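I opened the notebook to look up a few things in this structure and to write down what each search returned.

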Amino acid sequence: MIVISEDVWSDDFASLRHRYPITYEADLWNRTDDLKSALAKAQALVVRNRTKVNRELIESAPNLRVIARAGVGLDNIDIKAADEKGIVVSAALGINANAVGELTVGLALSLLRDIVQRDASTRNGEWNRAAGRELSGKTWGFLGFGATGRSTSKLLSGFSLTQIAYDPFVKDGGAAAMKTFDEVISQSEIISIHLPSNADTKKIINSAALAKMKKGAIIVSVGRGEVIDEEALESALRDRAIAGAALDVREVEPAKDKRFTDLPNVILTPHIAGITVESQDAINKVLVSEIELALQGAPQKYAVGAIKQVK
């Protein structure tokens, strides 16, 4: 049996249903007891980022052979616990990088040209032609330079700007010169955040970091919301210490507070950077392939844990 606990579905999964029984309930992630019950006989689990695949959940699934993650972040999966149980964890890493890159550039352009506010004012009968800003001539700084950062960098190749990046795990940034964290945040007019959530990155964008940024700087956050101290960011935006922010990810999702909703220099989107028709189709094809390989005992192409093949 295959259990899909979130909104992950496509023709590929429909086809897979002809070969394996599938339980698909998009809200199953939010019903822990029901999820555990469904996993009692499951061999595969498909999730996005809402299902907390912790040790307790893994231990409730004695027949589980593969966990397939539809997306990039892995902070909702206890990979160590999966490794100990001999379970393959597969994630279609890099498959949605172009989608993330496109939205990152789009959000930056929208902030610089104040597109959202200009649209609203024009709909209200105004004709505000105040000057915006261009990307050309600016310095774009990346915090995190994995697949999504590199994809964004590639898309920026047509703009006349300087690219710099901070990533302690990357030595060659290609078009982006590798810098320290402080150098990136202090030298950049545009800062895009592609960092994962971990002990080293949690609230790395805090009041001290924000104080080092240029007054005209904008932030585009498409990694994980936990890397930003939202209280500090709100203060910096209200005081115009920085010019603006586009937040596709939040510390708590869905966001329950109204912290940024009245700020005209903020764009809020609901964690959609990697979600396009094209990226989801490609990811689902990978997941279906990975599940079938695992259930057949074949090596995984997208395994992210220590276990690459089900014994």
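The entries below follow the order in which I looked things up.

**Ground rules.** I am working with a predicted model, in which local features need pLDDT of at least 70 and side-chain atom pairs count only at pLDDT 80 or more, while totals for chains, interfaces and linings use all residues. I number residues from 1 along each chain as its sequence is written, and side-chain values use heavy atoms, with hydrogens and water left out.

**Nonpolar cores.** I looked for nonpolar cores, meaning sets of buried Ala, Val, Leu, Ile, Met, Phe, Trp, Tyr and Cys residues joined through side-chain atoms within 4.5 Å. Buried is under 20% relative accessible area, exposed is over 50%, and partly exposed is in between, with a 1.4 Å probe and protein chains only. The largest core holds 27 residues, and Leu143, Ile193, Ile205, Leu210, Met213, Ile219 and Leu233 have the most contacts inside it. Two or more residues each come to this core from helix H8 (181-187), strand S9 (190-193), helix H9 (207-211), helix H10 (230-238) and strand S11 (244-247), and H10 gives the largest share, 4 residues. I take helices (H or I, at least four residues) and strands (E, at least two) as DSSP runs, numbered from the N terminus. I then followed Leu233, which, leaving aside neighbours within four places in sequence, is in contact (heavy atoms within 4.5 Å) with Leu210, Ile219, Ile228, Ile242, Ala245, Leu247 and Phe260. A second, separate core has 24 residues, including Val46, Ala68, Val88 and Ile307.

**Aromatic pairs.** I counted rings of Phe, Tyr and Trp (its six-membered ring) as paired if their centres lie within 6.5 Å, with planes under 30 degrees apart called stacked, over 60 edge-to-face and the rest tilted. Searching the whole structure gave 5 aromatic pairs. Why is the pair of Trp9 and Tyr24 called stacked? Their ring centres are 4.9 Å apart and their planes are at 10 degrees, so the pair is stacked. Trp9 sits in the loop between strand S1 (2-4) and helix H1 (11-16) and Tyr24 in strand S2 (residues 22-24), so the pair ties together parts that are 15 residues apart in sequence. Trp9 is partly exposed at 30% relative accessible area, and Tyr24 also counts as partly exposed at 30%. By contrast, I found that Trp140 and Phe142 form a tilted pair, 6.0 Å centre to centre with 35 degrees between the planes; Trp140 is buried at 0%, and Phe142 is buried at 0%.

Leu107, in helix H5, is buried at 5%, and its contacts outside four places in sequence are Val220, Ala246 and Ile267. I also noted that Leu107 and Ala273 are 166 residues apart in sequence and 9.9 Å apart in space, C-alpha to C-alpha.
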